[in-house]
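This briefing goes through selected features of the structure shown below. The points are grouped by topic.

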Amino acid sequence: MQSERAAVSRRDLLTLIGTVSGSAAMYHAMTSLGFASDSGYKGPIKLDGDPKGASVIILGAGLAGMTAALELRKAGYKVQVLEFNSRPGGRNWTLRGGDSFTELGGFKQTCEFEQGLYINPGPWRIPYHHRAVLDYCKRLGVALEPFIQLNHNAVLHATKAFGGVPQRIRDIKTDFQGQISELLAKATQQGKLDEAVSKEDREILMQALRSWGALDANYAYKGNLISADFRGYSKAPGGGLGAAPAPGEPIDLSEILKSRLWRYLQNFALHTFQTTMFQPVGGMDMIGKAFAREVGDVIRYDAKVTRIQQDNHGVTVTYTDLKASATPQQAKADWCVCTIPLSILSQLPLDVGDRMKAAINAVPYSPAVKIGLQFKRRFWEEDEAIYGGISYTDLPIRQIAYPNTGFNRSGRGVLLGAYIFDGPNAYEFTSMPPAERVTRAVELGASLHPQYPAEFENGIAIAWHRVPFTLGCAGNWSESARAEHYDHLCRIDGRIVLAGEHASYIPAWQEGAILSSLNAITRLHDRVVKT
Amino acid sequence: MIQGNRSFRAILATAIAAALSLLSFPASAQGAGHPSRGPGLSQGFRFFEMSGEELFANVCQGCHMSDAKGATGAGTYPSLAANVNLRASGYPVEIVVNGQRGMPAFGAMMSDDQVAAVVNYLRTHFGNNYRDAVTPEDVKVVRR
């Protein structure tokens, strides 16, 4: 999955160059063919036609379920929602000081963050091209602020490179780009690219490499004030006497290659992570809460679904009220939109055909762990001038993400001290008691920030396989499973249709959940008005 | 992903497993305390833990819990304690390697030896007492 090859082949290098530089060309080619860049959202849904009093039961009050509730009710349906949790949102979730969370296995954590500080254990960023999420935020009055994905002053860290000393992203990015430009300029000058580049383009290419790579007049990348304009200075320009700047020394290309730090650069180049990204002001759950302001009156919380039956006349859902009696209760409706994660749905007695059942059983759930840490002060800002963004490391914590809000304030701060997904470390951290996850994250993070031990106050750790309402982070489709089962998962089976991130090609993203829901209810509505 | 001296390693592992299977598993080990996790963490995409106990404590325990009794929320992680489904050794081997429903496949992250080790541990602990140890060869054949 995230594995890497031992050696960098020529093809890898070219791919990388493409990733770092040339994706613009591919992007233009794709968009000219028709909006490769948006998610397929076509604006507010229009469900024309009379549902004639038809009723729909929606299972799950996450973003998929609440989208369905909001839009179907608006279209004239009688809707009711059953939700396992005592709150709306599902994986759209924020933990703040005073909140408590009990994971499977019984470990209870109480968040001790200072008021106003929070962590989003689930989704935490919104790409600018996730048009459906953005549109619902606008319609529901959810204020957004930038999520900083690339901070040139954050760091990249490899335990076995540079003596374990973290490197500034701007240094790695500029030096890598500069030295590749120098290589390409040399190859061009030596006529080695003559077959690939026309004579006319060659001169322009040389200009471009000089401009883009910070090369000098001889097309060399060196420690001078040209490269310093990009990578920063060893002595920054100042005022008055003795204020002249001094450049730093670039990091050798071979060292960058061997360090593997280049592999993190794609986190700043991939379409999903390109600027501008957003986060809701005050926490991701502002979206779930905004939906609930619209549809909260039809949500029954603390309802654990235990069975879903259907016949020619309607759907019957059996559930237990977790806060009241253990006696099973039943809810009936003409139709059902089920957004229950497949990790759970695959365990329920469910009246659907074999093909949908096979599809429900075909999707394993990914592990993921997020750990929020509160520190006495925002040392990353005060000591290191890191304002938001993400540092990446090959340590098990994978990344440290700094808060993208409350900049430059004195006092406490909370950062994301680990985001571990897939692979052995995610399982190893899931297997630890929460307090140990936090301790480990502090120990490991000290390799990037030596201030950790002295400044750390408290933390909270969410391992998604221990989360009672999902039993995992998100549906992890294999290509073969998708080819065989995806359509059967999405098709309406009698009176039941499934929705959620698992029924999308944008798994684990809120956009996938909403688009899947809009698509499902559009098809359901078509069926209703035609029968 | 599994490269290199695979056949040699498999043969060696089979020999070791065969030798071990001659030993009976002490009854006192069953259900005695919780499995120990150890301080280390894996690097890369393969588990570094080699013993069945360590693998259980760092992988299976995440969902099935340290007593192997599972847990219930909106859905359930089944109990592996005194579980008759473990009687047929091929069943847990298949599930660990290829996954089942929501449970991820671990085949790509564990060697044949590791899968055999964790299955053998599970089948001789937590109230399970199946003496027919699985071998790495048994694991190899279920890889798809």
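**Briefing: a predicted two-chain model**

Pro250(A) sits in the loop of chain A that runs between β12 (246-247) and α7 (253-259). The model is predicted.

**Pro250(A) and Gly178(A)**

- Pro250(A) counts as buried because it has 22 C-beta neighbours inside 10 Å, and the cut-off for a buried residue is 20 or more.
- Beyond four places in sequence, the contacts of Pro250(A) are Asp175(A), Gly178(A), Tyr221(A), Gly223(A) and Ser227(A).
- Pro250(A) and Tyr221(A) are 29 residues apart along the chain, and 8.4 Å separates their C-alpha atoms.
- Gly178(A) belongs to helix α4 of chain A, which spans residues 169-189.
- Gly178(A) is also buried, because 24 other C-beta atoms lie within 10 Å.
- When neighbours within four places in sequence are set aside, Gly178(A) contacts Gly213(A), Ala214(A), Leu215(A), Tyr221(A), Ser227(A) and Pro250(A).
- Between the C-alpha atoms of Gly178(A) and Ser211(A) there are 9.6 Å, with the two residues 33 apart along the chain.

**A three-stranded sheet in chain A**

- Three strands of chain A form an open sheet in the order β7-β13-β8, and their pairing is antiparallel.
- Pro127(A) has Met277(A) in β13(A) as its bridge partner.

**Nonpolar core**

- The largest nonpolar core contains 165 residues, and those with the most contacts inside this core are Val56(A), Cys336(A), Val337(A), Val369(A) and Val118(B).
- Helix α16 of chain A (residues 510-530) gives the largest share of this core, eight residues.
- The contacts of Val369(A) beyond four places in sequence include Ala418(A), Ile420(A), Ala426(A), Phe429(A) and Thr430(A). Also among them are Arg437(A), Ala461(A), Ile462(A) and Ala463(A).
- In soluble globular proteins, nonpolar side chains tend to be buried together.

**Contact between chains A and B**

- In the contact between the chains, 30 residues of chain A meet 26 residues of chain B.
- On the side of chain A that touches chain B, the elements giving two or more residues are α9 (342-345) and α12 (423-431) of chain A.
- The largest share of that side comes from α12(A), with seven residues.
- By residue type, the side of chain A that touches chain B has 14 nonpolar, 14 polar and two charged residues.

**Chain B**

- Chain B has five helices and two strands, which follow the pattern α-α-β-β-α-α-α along the sequence.
- Chain B has 144 residues, of which 42% count as buried.
- Among contacts in chain B with a separation of 6 or more, 62% are between residues 24 or more positions apart.
- Helices α2 (residues 52-64) and α4 (residues 112-122) of chain B pack with their axes 8 Å apart and at an angle of about 90°, which means that α2(B) is roughly perpendicular to α4(B).
- On the α2(B) side of this packing are Gly52(B), Glu53(B), Leu55(B), Phe56(B) and Cys60(B), which meet Gln114(B), Ala117(B), Val118(B), Asn120(B), Tyr121(B) and Leu122(B) in α4(B).
- The residues of the contact of α2(B) with α4(B) comprise seven nonpolar, three polar and one charged.

Terms used. Residues are numbered from 1 along each chain as its sequence is written. Chains are lettered from A and ligands numbered from 1 in the order in which they are written. This is a predicted model: local features need pLDDT of at least 70, side-chain atom pairs count only at pLDDT 80 or more; totals for chains, interfaces and linings use all residues. Helices (H or I, at least four residues) and strands (E, at least two) are DSSP runs, numbered from the N terminus. A residue is buried if 20 or more other C-beta atoms lie within 10 Å of its own, exposed if 12 or fewer, and partly exposed in between; C-beta atoms are placed from the backbone. Two residues are in contact if their C-beta atoms, placed from the backbone, lie within 7 Å. Ala, Val, Leu, Ile, Met, Phe, Trp, Tyr, Cys and Pro count as nonpolar, Asp, Glu, Lys and Arg as charged, and the others, Gly among them, as polar. Two strands pair if DSSP finds at least two bridges between them. A nonpolar core is a set of buried Ala, Val, Leu, Ile, Met, Phe, Trp, Tyr and Cys residues joined through C-beta atoms within 7 Å. Axes are lines fitted to C-alpha atoms, for helices over the stretch in contact, and angles run from 0 to 180 degrees between N-to-C directions. Angles under 35 degrees count as roughly parallel, over 145 as roughly antiparallel, 65 to 115 as roughly perpendicular and the rest as oblique.
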